[in-house]
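Hello,

Here is the structure we talked about. Please open it and keep it beside this email as you read.

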Amino acid sequence: MRSLNRPGHDYGGPLRLCLSCLQQTKTPVSPEKILREAGIADPAGPVGFEAFRRFCQQGRQVVGDDMLRRAGRHAGSRRTRALSRNILLGMAGPEIVLRREIRRMLQGWPVDWQLQRTGERRLQLEVRDHGAQALLCPLITGMLEGMAPFYRFEQAGLLHTRCAERGDSSCRYGLSWQEQPADAVRRRRNVLAVGTAAALPALPLLTPLQTEIFCLTSLGGLLGLSTLAGLKERISTQAQLQEQIHINEELIDQENANALKIQLTRELGQAVESRTSREDLLQAIIDVLAENLDFDRGMMFLLNQGETSLLYKAGFGLSREELQGVKPPIDVEPGPRSHPLAAVLKRGEPLLVNDLRQLHAISHHAFCRWMTHLGSRAVLCCPIRTQNRPTGLLILDLRTPRRNLLESDLQLVEGLTPLIGIGLQNARLLLQQSSQFQSILQVLAASIDARDFLTAGHSAQVTEYAVGICRTMALSEEFTDVVRIAAMLHDYGKLAVPDFILKKAGELTAEEKALIRTHPDKSREILERIPFEGIYRQIPEIVGAHHEKMDGSGYPKGLKGEEIPLGARIIAVADFFEAITSKRHYREPMSFPAALQLLAEESLIHLDPQVVDAFIRYVNANKLCLVDTGAKSLPVHKKIPAGIDRRRVRIPCRTQVSCQAGNRVLAGTSANLSTGGIYVATDQ
């Protein structure tokens, strides 16, 4: 162990290296201020351990924890750029240069150090810092890293096997490098140079001719060997540059792949977030893949609900004939004649094939033959998983061998399929949630109708009318759904009205009418307890205003005109028409012609004329009733075509009905009975 300075003495050398680095680095605090806060007045003079420790603490707060390591790299790289270094390296080799530079680097530092050769092209530096903290370890490490050009760049090694910061008694650094093709030539040149120098005293003993031959031979040999060494070094450098170019190209390709993956992830995330319908989600995903991936075709297959067959759901690049070939359900049940996709789905592993015409593993042979039949030349297949189970397949292919599919293509698609699985799972959960919500709404609406057989179906009929008005007025589907839910629950507050009032056969008293008129407010108060989100938050307000009138004579708040929400104005028209055409305890139902006449008259004062007009257009378009052409002229609509009124005497009747029409059996639910027959609603 060689001792240069005893510990605790001058730390000025390390301090000045740090200052040199800080002066060339943009820092929010000047180096002079850091020195003042550390209590160092003259950095050119001796610096004690405590002052250097305070300087390091202040510098780390400004520059960062790696200040010392950065300063060491800066100092080491300065040494490698010197002209003398290049000359010495070419003449002596890495070992002699490293010994010389390390000795100069640590000269005057308050550390004990030892440098020894541990093998061919291997050096070991051991440093012991006797200070309270191993402050100089990062600085020395950075300097050795900055001197990397001495190792001849390629396949150099710096190992830090022991470290005082980790509690070891000393820091130990291992340096290693590999011999270059030019090193052997340089050694021969150096031997020749030494031999020539040794022979120079004997030149006076030679004849002039011998002296001339000796000089020419020696100089020619030295020049030739130097030229050969330079040539080998240039060849080696060119090979290194080519390798570096190749590495850079791979890095660029990787960066491009990462950028593409980030873009695809963002776009798929937006598609998953903005689509609630499963069909819309799948089409949005396929559109994103078609736009961003370099494939000719794409197909997405998903298991049906019973997991017995694969169904084609979305794709791009397929012709009409190819679509006809993939659209039929694919049976995934095990068996000797099971479809090739069934085996791929069961394995649940990704697959990449660059040439489908070549021989492949027996497990892939059937799938490759099926894809070849579809006109593919190269294919990439990746399973789609939900809840850690394969539930579908994403297949991307090339029709022509215009490029080779790479492992990066497979990795990219593998990274995207989990997002697709999450989107499908979210869509399924949203569908279940929506279905449960709709079921709850239907139960709530049925609980109103259950109180009286005469009002059974009232909410459903009002909802049908209200939705028809919305679609006739070309309102958005989202707003139409808001009106639909509000119409289903518009009378829910009647649960607070006693039966003897709702079912009273005679005229209501003033007190009873006042109690009846509280039901819109009751409905609003009850619905406000439901956590509606987004546009659905206006449902309680719509329900609470469905008995308001355009002239302000309605209840409960006496709103008028545009003060009444549009949804409430729509429900008011539907509720009015449904009420006057239905049988009640205190009156008979009104005929459709009379009801339409009254509705038109009400549009002049109490009801919104535009909504009434939309309702009558809806009635005409859907032929809900046919009346005599001799009916009186209506103020806001054209006459209704002649025919038979199916609802002239209408009695509510809701029951399951099945009937035969030709060779078909239709099933549905009856809405009402009349002298003209039974009115049945069916999806068929």
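**Salt bridges**

Arg471 and Glu477 join their side chains in a salt bridge, with 3.8 Å from N to O. Both Arg471 and Glu477 are exposed. Keep in mind that this is a predicted model.

Why can such pairs form? Side chains of opposite charge can pair when their charged atoms come close.

How many salt bridges does the structure hold? The count is 24. Some of them share partners, and these join Asp294, Asp296, Arg402, Arg403 and Asp409 into one network.

Now look at Arg399 and Glu322. Their side chains meet in a salt bridge at 3.0 Å, N to O. This pair links distant parts of the chain, 77 residues apart. Arg399 sits in the loop between strand E11 (389–398) and helix H14 (407–449). Glu322 belongs to helix H11 (residues 320–326). Is Glu322 buried or exposed? Glu322 is buried, because its relative accessible area is 14% and the buried class lies under 20%. Arg399 has a relative accessible area of 32%, so Arg399 counts as partly exposed.

Next comes a pair within one helix. Glu101 forms a salt bridge with Arg104, and their closest N and O atoms are 4.0 Å apart. Both residues lie in helix H6 (residues 94–106). They are three residues apart there, so about one helical turn separates them. Glu101 is buried, with a relative accessible area of 3%. Arg104 is partly exposed, at 43% relative accessibility.

**Surface patches**

Which residues form the negative surface patch? They are Glu243, Glu249, Glu250 and Asp253. Of these, take Glu250. Glu250 is found in helix H9 (residues 208–274). Its relative accessible area is 44%, so Glu250 counts as partly exposed.

There is also a nonpolar surface patch, made by Leu228, Leu231 and Ile235. This nonpolar patch covers about 250 Å². Ile235 has its place in helix H9.

**A hairpin**

Finally, find strand E2 (residues 112–119) and strand E3 (residues 122–128). In which sense do they pair? E2 and E3 pair in the antiparallel sense, over seven bridges. Gln116 has Gln124 in E3 as its bridge partner. The hairpin of E2 and E3 has two residues between the strands. In this hairpin, Arg121 takes a positive phi near 60°.

Best wishes

How values were computed: Residues numbered from 1 in each chain as written. Predicted model: local features only at pLDDT ≥ 70, side-chain atom pairs only at ≥ 80, totals over all residues. Heavy atoms only, no water. Patch = residues over 30% accessible without salt bridge, like charges linked within 9 Å, V, L, I, M, F, W, Y side chains within 5 Å. Areas by Shrake-Rupley, 256 points an atom, 1.4 Å probe, with all protein chains shown as cover. Lys, Arg positive; Asp, Glu negative; His and termini not counted. Charge placed at Lys NZ, Arg CZ, Asp CG, Glu CD. Helix = DSSP H or I, 4+ residues; strand = E, 2+ residues; numbered from the N terminus. Buried < 20%, exposed > 50% of the residue type's maximum accessible area, 1.4 Å probe, protein only. Pairing = 2+ DSSP bridges.
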